[in-house]
Amino acid sequence: MSRYFTRLKKRRVYSWIGGPSFIDRKLKHMFYEGLCIKTDGNTNTGCIRPGHYILIEGDEDRSYVAKLLKLYDDGTGTRSSKHAEVQWFVRFHEVPQNKRKRLGRDPHPNEVFLYEIPNCDSDIDAETIITTVQVQHLEENSPFPAAQSQENSLYVKLSWDGKSFSPVNLDLLLQSGGKPVLPASSHTDSLPKPDLDVSRGLAVDSPSRPTRSARQQHSSTSKYSQSKELSDRQPSNVISTPTARKKLQLSNSVKPPGSKLTRDDVLAELLDEDRAVSSLEAEVTRRRALASKPSSSPSKKPRDLCISLSPIRGGQITQDHQLANGTQIGPRLQPEELVKRTLKRESRAESTEGETPSKRKDSIKIDAPLDILIEDGGEVGGPVVAVTPRSRRKSAQVSSARIQQQLNYLNRKQSTDFDVDDDEEDVFLPTKKDLKSSSEEESESVTGRRGSRSAVPRTPRSSRKAPSRTPAKTPNKTPRRTPSKTPVPRTPRTPRHATPSIPSRTQPTRKPGNVLEEARARLHVSSVPESLPCREQEFQDIFNFVESKVMDGTGGCMYISGVPGTGKTATVHEVIRCLHHAAEQDELPSFCFIEINGMKMTAPHQAYVQILQMLTGQKATAEHAAALLEKRFSTPAPKRETTVLLVDELDLLWTRKQNVMYNLFDWPTRRQAKLVVLAIANTMDLPERIMINRVASRLGLTRMSFQPYSYKQLQQIITSRLNRVRAFEDDALQLVSRKVAALSGDARRCLDICRRATEICEFSSQRSGSGLVAMSHVMEALDEMFSSPYITAIRCASVQEQIFLKAVIAEFRRLGLEEATFQQVFRQHLALCRVEGLSPVCMSEGLTTCLRLGACRLLLLESSHRDLHLRVRLNVSQDDVLYALKEG
Amino acid sequence: MSKRKSKENCLTHGECISQAQRMLRERFCHQKIPGKPFGVESQHKHLLELLKRTAVHGESNSVLIVGPRGAGKTMLLNCVLNELLEVKHVQENVLQVQLNGLLQTDDRIALKEITRQLHLENVVGDKVFGSFAENLAFLLEALKKGDRSSSRPVVFILDEFDLFAHHKNQTLLYNLFDVSQSAQTPVAVIGLTCRLDVLELLEKRVKSRFSHRQIHLLSSFRFKQYLEIFKMQLSLPEDFTDRRFAEEWNQNIKSLCEDRSVEDVLQKHFCSSKDFRSLHMLLMLALSRVTVSHPAIKPTDLLEASRLCTMDSKANILHGLSVLELCLIIAMKHLSDIYDGEPFNFQMVHNEFQKFIQRKSHSVHNFEKPVVIKAFEHLHQLELIKPMEGPSVRTQKEYQLVKLLLDNSQIMDALQKYPQCPTDVKQWATSAFG
């Protein structure tokens, strides 16, 4: 619904209402009561005041939702001097991709979540405000209202604190406002209307939209016109509201005697109006249950209804207490249609007839939501619909009892549904049907959710709404539930993303049986150690870097270099693990971590695709992904969590123009991006060697170099991994670590050697029986891995091959060069054969011998089509060859 | 039973022979050697234990089997795999992926092949695979999803491993080794290569991820063992259909091994190479001489086979040349002697030939120049001479520089054996300056 707002290119003019109400002399901030928005080409102006819910220009064609807390001018006099302080709400698609599952259900398209992450930038430019919006709070368990044509209202059920969804703390919702939740209803300038009208015109961009809205229009003509009518009569309401507000505040502060102040109570207080509504509703349903004739419309007896309100309410408070902690979600009624209508009638009656003291409170409470309702572009609105548990209970009882017997009736009546709906006079019949249908649909969706979700049998009724309804969706009349919007958060469900896995094994893996096997399992590089010894300093540095960036909500780059196997990636992962832990403990704002690896993509540009996929779950081509990311990181989004991006094997992302690297290091420099990039590569001077200046400059000088492990560190690593499993003699460990430290300082190598040594030990211990890995085993393992195979290979070669090698050396000596042609060598070869007393070989055989030596790279050869003129070089030193041959 | 036995005995001699031949041919061509490979017990054990740990414990491993061509690398691996798959629960668990560097010439093809062999291509519907990038991401994700205890271990066999190291960025190797070093689906990466310097081909980060286990198969056996292998490979198994024929055959093979001339042949062969394939070649040739009338391998057969094996291919070609072509070859030999291996062109060869003709006009017919050119071209086609420049360089045919691809010894040998070679030509060849 909000997609079109940014496309709305019409300029809006903002101006303060009245003079500053309060001036902060220190900050030179002038606080205002309201902001007036005037849209070009439209004479209507709209007013926004603190306490209103507003839409703010956002990125990706969607507007942000927030509640306005304060309006002030920072006194600089520039264009962007108007500021606003807001309490943010997030839409579902703004929740990080990987955490969306925590909601545990499909989000309502109009659902928003209270954003409860601290130190989020709540100060915005007031001129990004688009319009007001209606946000209403719903109970966690209550269904989304199925009201028609409520495209402009959003629903809050839960709050999002970066880790989990939890029920909205209403205190917070209230306090943050500093004023009552209810938007100040006295200023009903019908503000959003012009904007909405404009936008509605623009909004018709998805193919399915026109038909749907047309249908809605069709089905809701009656209500629409009715509410319009209402809004026309509005002035009479306005008079009564100021007192209403005061009263409300009063009732909020004063607790009913004897009732505990549970959250539900606060809620109850808050939603007093809802209670009134629901009591009404309950009354209506009760009455209806009693009524013998469905056509006994309450609209015809508004006074009756009003009188019956207070006693029922009293009863329901007690009911509420019983229900407070109940976890019932049964088939329940949603008779919002009915309630709405009755309400309207009632309020109309009230506003015309004045208030009698006895029911004053109630009527006021009904009044307030009505104001919202009217303010909201004349559309029948949310708070009225918000159903609290108490109403649900009663209506549920009634409805469940009646669903069965009414089903048949319904089926029969279905065909006439439309006609009846349009009939203004006969209000009750269609509403009743609506009531039944919604409850029925609720139960249907409940079963659908419990079951496999697929193929929920459609009731006959549903044929009317068939086109865009998904089985799991509760509200059946959600406005503007266009296909273009709903699929967005659900893209991962498409079969394209189905990720296969290696089939699982039929037999369980065997657990390590003895000490050596245990040691081997622990020494495997893949086993994740409890801690990373010997990298404390590096760990701390990286940790501090990332932590500070996440804390401040800024971005930055860090370059980490080091030879392979020095724990770069492992350390970063450890840091991230710790930070995640800290974030879970609320010591840190939550952040999202994504990782790309230059080696794990086929081309540097794939980096964009992978980052985008991990951030948002979207799939796109490289160019498109780059554009989307560019947009994402350049538009302000105060609610966005910091992204920590690990770029492994950075050098593989090198392209001729280096734009991948450039972008990766440019995004963190943007203020809004909140991106921390940790780049890992092997060479210390990579920025200087391969990066052009503008890239290297953006990478900055935050660098860290991982030194190869020293032998002590390697020893410590093995010891910590073994963790008191005694499998190695100390000398053996020392030998391994010294050897590896001398060669490369690669921890992987060290672990592999140790693992091999345990194997050798196991083989030999089957004969001898000492359990520990001794020096000899380690030596054997080292020999296996590091000894050059050339000498053994020469010794194992056939006689002719050995002679040929000798001939090569002889020819080299003769020529004084390190290169000879095959023909020359072969002559020597024949001569040597004679000396050795072997029968001379023919040329073909000689060549085969030569090529065989070339295949195992004892010789370096040209390609064999040069035949006699093949140039031959040795790949081993002459001394090695002579040494090997002498011994043999 | 008795009937069957009599029926077995009824197998004609010819049937027995053809059956024996089929069985042995299968051995030699498909490298299906009965029993364990010879002389590589420790390597065999190492590899078997390694694969067992992957299959049973879900431990990831990587290993390279290095050895010269024909040293029995694939034979060893197949033997180990067969042994491993005999265990039932291993057979159910282990997945195998066989790749060959000569077939999967780049990573894209290799990835598709892996996906196909893992039967993953149907998981995403019957959708044909998209881009290389998608493919890689898909496969990596699939491997990443698994873990040590629950996924079936995958054995990757990379034949001609060194060729994979030439793929761009060594992406495939990096990822396979990376999986083998991280807690993902258990894999065993087995590379087979004949290059001793294979580790130097790996990029440093790929190398670091490789476990550095190398199994060297260097065929370090002696001649005695070689004889044993020879005997083993020619012997018919116990369960051969016709027991009597098999006994006779095996008896014959035994006596063959004790024959002096056979031993000489084998010794010579052993000296020239320890390659199993060349031995199989020799035995194939000998085996194919066995017929009904010649029911067993005789020492002469082996001698003949050995002669065929060790024959010089170019000398054979020389035997089929005409006298004119032979004369040209001799002229070229003289030229390369005079100019010490420097290249020459047709005109020079022709001049040399003309000089010879003028001197010995009575013995050799004088040919027209076009005929000589034709003969020269024929030599070119036989690749006995090789042009110095590529075909792109346009020079006149007569002046194109060529080199002779024959050694003097080859020419002299061929002349000795050439039937009815004119003596003048022979003399011309031996005389230093004709």
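In this predicted model, Ala820(A) stands opposite Val872(A), a residue of S21(A). Residues are numbered from 1 along each chain as its sequence is written, and chains are lettered from A in the order in which they are written. The model being predicted, local features need pLDDT of at least 70, side-chain atom pairs count only at pLDDT 80 or more, and totals for chains use all residues.

Two bridges join S19(A) to strand S21 (residues 871-874) of chain A, and these two strands run antiparallel; strands are DSSP runs of E with at least two residues, helices are runs of H or I with at least four, and both are numbered from the N terminus. Strands of a sheet pair through backbone hydrogen bonds, either parallel or antiparallel.

The open sheet of chain A to which they belong has three strands in the order S19-S21-S20, with antiparallel pairing, where two strands pair if DSSP finds at least two bridges between them. Strand S19 (820-821) and strand S20 (859-861) of chain A each have a single partner strand and stand at the edges, so one side of each is left without a neighbour in the sheet.

Helices lie across these strands as well. Helix H28 (residues 799-815) of chain A lies across S19, S20 and S21 of chain A and runs at about 100° to S21(A), while helix H30 (residues 843-855) of chain A lies across S20 and S21 of chain A, at about 105° to S20(A). Angles run from 0 to 180 degrees between N-to-C directions, with axes fitted to C-alpha atoms, for helices over the stretch in contact, that is, with heavy atoms within 4.5 Å.

Conventions:
Side-chain values use heavy atoms; hydrogens and water are left out.
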